[in-house]
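Colleague: Could you take me through this model step by step, giving the cut-offs behind each term as it comes up?

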Amino acid sequence: MMKHRYLMFAVLTLGAAWPASGVLAAAQPIFWSALRPADQARATVPLSPKAVSGPQGESLVWREEGQPVELTGFVLPIDQDGDLVYEFLLVPWAGACSHMPTPPPNQLVRVFPQEPLHLEKIYETVTVTGTLRPGLDQAQFFMIDGVRVLSYGYSMAHAEVAKAAATKDPDLLSLSPFGVVPR
């Protein structure tokens, strides 16, 4: 009788986990350009606030809310305790929002990971997998020189987060946040 209970528990556990892993396995890789209108220019070197902001950044074009996606970017912690990050903004270039001009809202994704992210280094590149939800909102985060409030255009709850492999996204810029020298 006890064997049957263990077997039933194993079947129920696998059955409950199966749909989630199958859905995320079918995630569509997307680039940052999928989150903005086609006529909105990408930032080539995010040094001028005029180049990366403006009302066009509030146009949210991603509408496939049921489709899981995979997006690569840099981590900007919102809720962090030591090296554990519980919530963050995914941004298209290193130093965005902290040492460089803020990307437009349609180029910021608020991420709530399934489990805390162990952040090994500042400006770490990660790939998040989950369902994007469009909707303008704001997030507050703390920096050495004070508090900033940023508008973001997308969010992703229960996201899987992994260290990024190489990506071919032309919008993903790995610049030094302290100048224009590529890292």
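Colleague: What percentage of the 183 residues in the protein is buried?

Modeller: This is a predicted model, in which local features need pLDDT of at least 70 and side-chain atom pairs count only at pLDDT 80 or more, while totals for chains, interfaces and linings use all residues. Residues are numbered from 1 along each chain as its sequence is written, and side-chain values use heavy atoms, with hydrogens and water left out. Buried means under 20% relative accessible area, exposed over 50%, and partly exposed in between, with a 1.4 Å probe and protein chains only. By that definition, the buried part of the 183 residues in the protein is 41%.

Colleague: Which element has the lowest mean pLDDT, and which the highest?

Modeller: pLDDT is the predictor's confidence in each residue, from 0 to 100, and the protein averages 77, with 68% of the residues scoring at least 70. Helices (H or I, at least four residues) and strands (E, at least two) are DSSP runs numbered from the N terminus, and the protein has two helices and eight strands. Over residues 1-23 the pLDDT stays under 50, and the model has one contact beyond four places in sequence for them, where contact means heavy atoms within 4.5 Å. Among the elements, the lowest mean pLDDT, 44, belongs to helix 1 (residues 2-25), and the highest, 98, to strand 4 (residues 109-113).

Colleague: Which residue meets Arg110 in a salt bridge?

Modeller: Arg110 has its place in strand 4 and counts as buried because its relative accessibility is 14%. Leaving aside neighbours within four places in sequence, its contacts include Ile78, Phe88, Tyr152 and Met156. A salt bridge is a side-chain nitrogen of Lys or Arg within 4 Å of a carboxyl oxygen of Asp or Glu. The side chain that meets Arg110 in this way, at 2.2 Å from N to O, is that of Glu87.

Colleague: How many residues apart are Arg36 and Asp171?

Modeller: A search of the whole structure finds five salt bridges, and in one of them the closest N and O atoms of Arg36 and Asp171 are 2.8 Å apart. Arg36 lies in the loop between strand 1 (28-29) and helix 2 (49-52), whereas Asp171 lies in the segment after strand 8, and the pair links distant parts of the chain, its residues being separated by 135.

Colleague: Is Glu120 buried or exposed?

Modeller: The side chains of Glu120 and Lys163 meet in a salt bridge at 3.3 Å, N to O. Glu120 lies in the loop between strand 5 (117-118) and strand 6 (125-131) and Lys163 in strand 8, so the pair ties together parts that are 43 residues apart in sequence. Glu120, Glu124 and Lys163 are linked in a network of salt bridges. Lys163, at 48% relative accessibility, counts as partly exposed, whereas Glu120, with a relative accessible area of 54%, is exposed.

Colleague: With which residue does the side chain of Arg148 make a polar contact?

Modeller: Arg148 has its place in strand 8 and is partly exposed, because its relative accessible area is 27%. A polar contact is a pair of N or O atoms within 3.5 Å; within protein, one must be able to donate a hydrogen and the other to accept it, and residues adjacent in sequence count only if both atoms are side-chain atoms. At 2.7 Å, the partner of the Arg148 side chain is the side chain of Thr102.
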